[in-house]
Amino acid sequence: MRNWFRRFLRPASLDPDSWLRACAGVPFVSALDATRKARLQALVTRFLHDKTITPIGDLALDDVQRMQLAALCCLPLIEFGEEGLHGWSQLLVYPGAFRVHRAHTDAADAMAEWDGVMQPAHEGYEDLIGEAWEAGPVVLSMEDVLADLAAPRDGCCVAVHEIAHKLDALDGAMDGTPPLPRAWQKEWARDFQQAFDHMGKQVDANRRTKLDPYAAEAPEEFFAVCTEYHFSAPALLREAYPKVAAHLAKFYGASPMA
Ligand SMILES: [Zn+2]
């Protein structure tokens, strides 16, 4: 019902001055050409209208920072479009790395447990800088978002990592493949699987990998980590896995850091 109603509400346009300031502070955005920047602006407008951005604890976010967070989250949707925003409504932003209890897989349980308070160190807890539940909020650490902005060519961008998980989940399965036309999906699955298997072997043999070995954890992590490289170190991704890099350049559009 709410979504139906929202469709008929036009989101308010962004304050032009704040948007300019927001763009200037996000290297991935300031490097976009005018056409793609305009598409991103429309997505950010939709994002800020549809989603709640909630700072946790003593974190405060001004309008420009909210636009920057929205812009980072919308960056992977410039080609895909606003359907990529479906299925979730909350962005929670922690001041720094946050702690979750791994025994809780249910989003409602985890929310109740966090309650805006950092949990004490305990067995079964894990420190995270970002998380995206299949049907729940996206969670980011502001400290890590700012670190990504300060070093935009280092191969890390936690916001696009979590949005890749959201895109992956759109078809109902977190398996490293977002919704794609059938023929492309087959090629994607083959090429990603090949690269993922290669990386798994490298890690098992204790060899140094070109990409963050975390990508070898699972196919969905491989997709999300490669998404980070696409946006922040595309040359390195191309060198490591050229076919994967080509799929991502088609799916997301050319990397702003190319
Ligand atoms: Zn992940």
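Start with H10 and helix H12 (residues 242-252), which pack with their axes 10 Å apart and at an angle of about 75°. An angle from 65 to 115 degrees counts as roughly perpendicular, so H10 and H12 are described as roughly perpendicular to each other. Keep in mind that this is a predicted model.

**Where H10 meets H12**
- On the H10 side, the residues in contact are Phe 222, Phe 223, Cys 226, Thr 227, His 230 and Phe 231.
- On the H12 side, their partners are Val 244, Leu 248, Ala 249, Phe 251 and Tyr 252.
- Sorted by class, this contact of H10 with H12 comes to 9 nonpolar and 2 polar residues, with no charged ones.

- The site links distant parts of the chain: His 161 sits in helix H8 (residues 158-169) and Glu 221 in helix H10 (residues 219-232), 60 residues apart.
- Are His 161 and Glu 221 buried or exposed? Both of them are buried.
- For reference, the ideal angle for four tetrahedral donors at a metal is 109.5 degrees.

**A second crossing pair**
- Helix H5 (residues 63-74) packs against helix H7 (residues 142-150) at an angle of about 75°, and their axes are 12 Å apart.
- That angle makes H5 roughly perpendicular to H7.
- Gln 65, Leu 69 and Leu 72 are the H5 residues in this contact, and they meet Met 142, Val 145 and Leu 149 of H7.
- By class, the contact of H5 with H7 has 5 nonpolar residues, 1 polar residue and no charged ones.

**Loop residues to look up**
- Leu 85 is in the loop between H5 and strand E2 (90-94).
- Why does Leu 85 count as buried? Its relative accessible area is 5%, and buried means under 20%.
- Leaving out residues up to four places away in sequence, Leu 85 touches Leu 43, Arg 46, Phe 47, Lys 51, Cys 74 and Leu 77.
- Leu 85 and Cys 73 are 12 residues apart along the chain, and their C-alpha atoms are separated by 9.1 Å.
- Asn 206 is found in the loop between helix H9 (182-204) and H10.
- Most residues other than glycine have a negative phi. Asn 206 is not a glycine, yet its phi is positive, at about 60°.
- Asn 206 counts as exposed, with a relative accessibility of 72%.
- Glu 217 also lies in the loop between H9 and H10, and at 59% relative accessibility Glu 217 counts as exposed.
- Between the C-alpha atoms of Glu 217 and Gly 200, 17 residues apart along the chain, the separation is 8.0 Å.

**The chain overall**
- You'll find 12 helices and 6 strands in the chain.
- How much of the chain counts as buried? The figure is 49% of its 258 residues.
- Take the contacts between residues at least 6 apart in sequence: 68% of them join residues at least 24 apart.

Terms used
Residues are numbered from 1 along each chain as its sequence is written. This is a predicted model: local features need pLDDT of at least 70, side-chain atom pairs count only at pLDDT 80 or more; totals for chains, interfaces and linings use all residues. Side-chain values use heavy atoms; hydrogens and water are left out. Helices (H or I, at least four residues) and strands (E, at least two) are DSSP runs, numbered from the N terminus. Buried means under 20% relative accessible area, exposed over 50%, partly exposed in between (1.4 Å probe, protein chains only). Axes are lines fitted to C-alpha atoms, for helices over the stretch in contact, and angles run from 0 to 180 degrees between N-to-C directions. Angles under 35 degrees count as roughly parallel, over 145 as roughly antiparallel, 65 to 115 as roughly perpendicular and the rest as oblique. Contact means heavy atoms within 4.5 Å. Ala, Val, Leu, Ile, Met, Phe, Trp, Tyr, Cys and Pro count as nonpolar, Asp, Glu, Lys and Arg as charged, and the others, Gly among them, as polar.
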